[in-house]
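Take a look at the structure below. Then follow the text from one stop to the next.

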Amino acid sequence: MRNYIKLLLIVLGVAIAAAIYALSPPGAPPAVAADKVVVLKSEHQMMLLRNDAVLKTYQISIGRNPIGPKTRADDHRTPEGSYVVDWRNPKSKFHLSLHVSYPKARDIENGTREGRQPGGDIMIHGMQNGLSWIGRFHRFVDWTDGCIAVTDAEMDQIWRAVPDGTPVEIRR
């Protein structure tokens, strides 16, 4: 009986620690608007910058086929290159979302030359509606179709700090 109670207490402690980890707030939001977003795919990081100074860094999930640039629709890769935030969706099925201007003319030309559609709808977004309880646990796996995902609380910060027209540089 004693071992059962010890095990129960350990499981309860782990569950509480996991909930605190998953749902803890993202820290202070940037105090000023970002003038650039840099995504480092290999490090699973997204940085908001102003005058080349890092305002805030977020841990991200990316496309579930993370190696290499996006070359076609449904390859589940996150693009690489220079883009801009060109519109936003306040009624996204992923909390809030900022659209990244992929595909650019170069991406379309490359796809056409190879007989492929380049894909589109690449977003910086929060969690799928109804799944915000996953919180930071989403970072343990790359799960998007090529988008850049953060927690809903982080997306609230990014939504306020990143205006339309902000350059987005996505690197390996």
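Predicted model: local features only at pLDDT ≥ 70, side-chain atom pairs only at ≥ 80, totals over all residues.

Residues are numbered from 1 along each chain as its sequence is written, and side-chain values use heavy atoms, leaving out hydrogens and water.

Start with Leu9. It is found in helix α1, residues 2-23. Helices (H or I, at least four residues) and strands (E, at least two) are DSSP runs, numbered from the N terminus. Leu9 has 56% relative accessibility, so it counts as exposed. Exposed means over 50% relative accessible area, buried under 20%, and partly exposed in between (1.4 Å probe, protein chains only).

Now turn to Ser97. It is found in strand β5, residues 97-100. Ser97 is buried, with a relative accessible area of 1%. Beyond its neighbours within four places in sequence, Ser97 is in contact with several residues, including Arg88, Met123, His125 and Trp159. Contact means heavy atoms within 4.5 Å.

Next comes the backbone. Most residues other than glycine have a negative phi, and most peptide bonds are trans. Asn51 is not a glycine, yet its phi is positive, about 55°. Asp52 also has a positive phi, about 65°. Asn51 lies in the loop between β2 (45-50) and β3 (53-59), and Asp52 lies in the loop between β2 and β3. Asn51 is exposed at 62%; Asp52 is exposed at 67%.

Last, find Pro103. The peptide bond from Tyr102 to Pro103 is cis, with omega near 0°. Pro103 sits in the loop between β5 and α2 (105-113).
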